[in-house]
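Here are my notes on the model, as promised.

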Amino acid sequence: MDTEELKELSSIENFEKWSDIDRYNPGPRYVPDQNKQKTGVIFMPLRREKPRPQSLRMYTLKQDGKPVLLRTRSSEDYEEECAIASFADRIFREGGAYVSTPLEVGAYSDDTRVYSLYSYFGGDNLARRLPELYVPQQHALGVEAGKQLAKLQKVTPTEDDAVEPVEDIFMLLTKLGEKGIKYNGFSQAENFMKNHSSIINGRPVTALHGDFSAHTLFLDSGLNVGILPLEEVHWGDPVRDLASLSDSCSLPFIKGVFKGLYEGAPPKNFFELLAYYSTERALLDIDTAEDEAQLATAIIRAEKLASDMDNYQSVVPIWY
């Protein structure tokens, strides 16, 4: 962080109370080291992460001796930052989830930029810890993660909340067909999505994490599982939040999440819905791939999904 950047931040109210200011970069997602893994860890090529806004800068600092996360963006993003802060506050206060909470949002640098301060909990990224743990420990942490997700999903939208529209699966399949997309299991996936497009009708709508996996969770010094700072506002079918769990690289953890979220076994139509949303996510990744490398990774992931369900002969994956 250069002097000019620090000078710009100094225009934020209460800057004089801050110490240990440093740029924060989450870095690339963790890939398990095969030499350190215990058991139950699976290896999948990581999907492309959604790029962060170009104007977004993040910092860690201490305020009154407590760790704080600072987000800054262009003033054009003021309403979005307020919405994210309000969403995180509701997740904490209404749901009771262990998540970073907003302290304040405001403008600085002659109103050209906006900042958000969040409480920040220290700890290890959970994806980094899981491969070093034995199966029972991975499963137990999954149960705790599922309980945290259940708390997050207690929050429901009001009339003022913008609920995301449902993806038009027929349009998406048409686009992939026009691109000539083919892979092992694609025709079966296509038929499954067309034949099951109605199962998402009338589904409940709750708050969603939007990218729930071990990569977006942390483990504190007391071995409690928490949710890293939320970066977007999401509303939708709660099962949709579980389509990203495969990125956790741990089957015992994933099974634990199911158990913690549903207080036991998943409900009756759970795997049918999970198959639908997981396939939707895989197809969207293929459609939005920006280069050949991303496309190849997305296809590998889609083929693995199809294989896990015996090319859609069963919605319950073979590993469950």
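1. Start with Asp124, which sits opposite Leu219 of β8. The two strands involved, β6 and β8 (residues 217-219), run antiparallel and share two bridges; strands count as paired if DSSP finds at least two bridges between them. Strands here are DSSP E runs of at least two residues, helices are H or I runs of at least four, and both are numbered from the N terminus.

2. That pairing belongs to an open, antiparallel sheet of three strands, ordered β6-β8-β9. At its edges are β6 (124-125) and β9 (225-227), each pairing on one side only.

3. Before going on, some housekeeping: this is a predicted model, with local features needing pLDDT of at least 70 and side-chain atom pairs counted only at pLDDT 80 or more, while totals for chains, interfaces and linings use all residues. Residues are numbered from 1 along each chain as its sequence is written, and side-chain values use heavy atoms, with hydrogens and water left out.

4. There is also an open sheet of five strands, again antiparallel, in the order β1-β2-β3-β5-β4. Its edges are β1 (18-23) and β4 (102-108); each has a single partner strand, so one side of each has no neighbour in the sheet. From one strand to the next the twist averages 25 degrees (axes are lines fitted to C-alpha atoms, with angles from 0 to 180 degrees between N-to-C directions). Within this sheet, β2 (residues 57-63) and β3 (residues 66-74) are joined antiparallel over seven bridges, and Thr60 faces Leu69 of β3.

5. Now the rings. I have 18 aromatic pairs for the structure. A pair means ring centres within 6.5 Å, using the six-membered ring for Trp; planes under 30 degrees apart are stacked, over 60 edge-to-face, and the rest tilted. Take Tyr108 and Tyr115: their centres are 6.2 Å apart and their planes are at 70 degrees, so they go down as edge-to-face. Tyr108 is buried at 2% relative accessible area, and Tyr115 is buried at 4% (buried is under 20%, with a 1.4 Å probe and protein chains only).

6. Phe258 and Phe270 make another edge-to-face pair, with centres 5.0 Å apart and planes at 75 degrees. This pair links distant parts of the chain, 12 residues apart: Phe258 is in helix α7 (residues 251-262) and Phe270 in helix α8 (residues 270-288). Phe258 is buried at 2%, and Phe270 is buried at 1%. Both belong to one aromatic cluster, together with Tyr262, Phe271, Trp319 and Tyr320.

7. How many cavities of 30 Å³ or more are there? The count is one. A cavity is a set of points on a 1 Å grid, over the protein atoms alone, where a 1.4 Å probe fits but cannot get out. Points are joined across faces, edges and corners, and the volume is the space filled by probe spheres set on them. For the largest cavity that gives about 400 Å³.

8. What lines the largest cavity? The lining has 25 residues, and Ala243, Ser246, Ser278, Leu305 and Asp308 lie nearest the centre; lining residues have an atom within 4 Å of a point. Elements giving two or more residues are α7, α8 and α9 (292-308), with α8 giving the most, seven.

Conventions: Buried means under 20% relative accessible area, exposed over 50%, partly exposed in between (1.4 Å probe, protein chains only). On a 1 Å grid over the protein atoms alone, a cavity is a set of points where a 1.4 Å probe fits but cannot get out, and a pocket is an open set with protein on both sides within 12 Å along at least five of seven lines; lining residues have an atom within 4 Å of a point.
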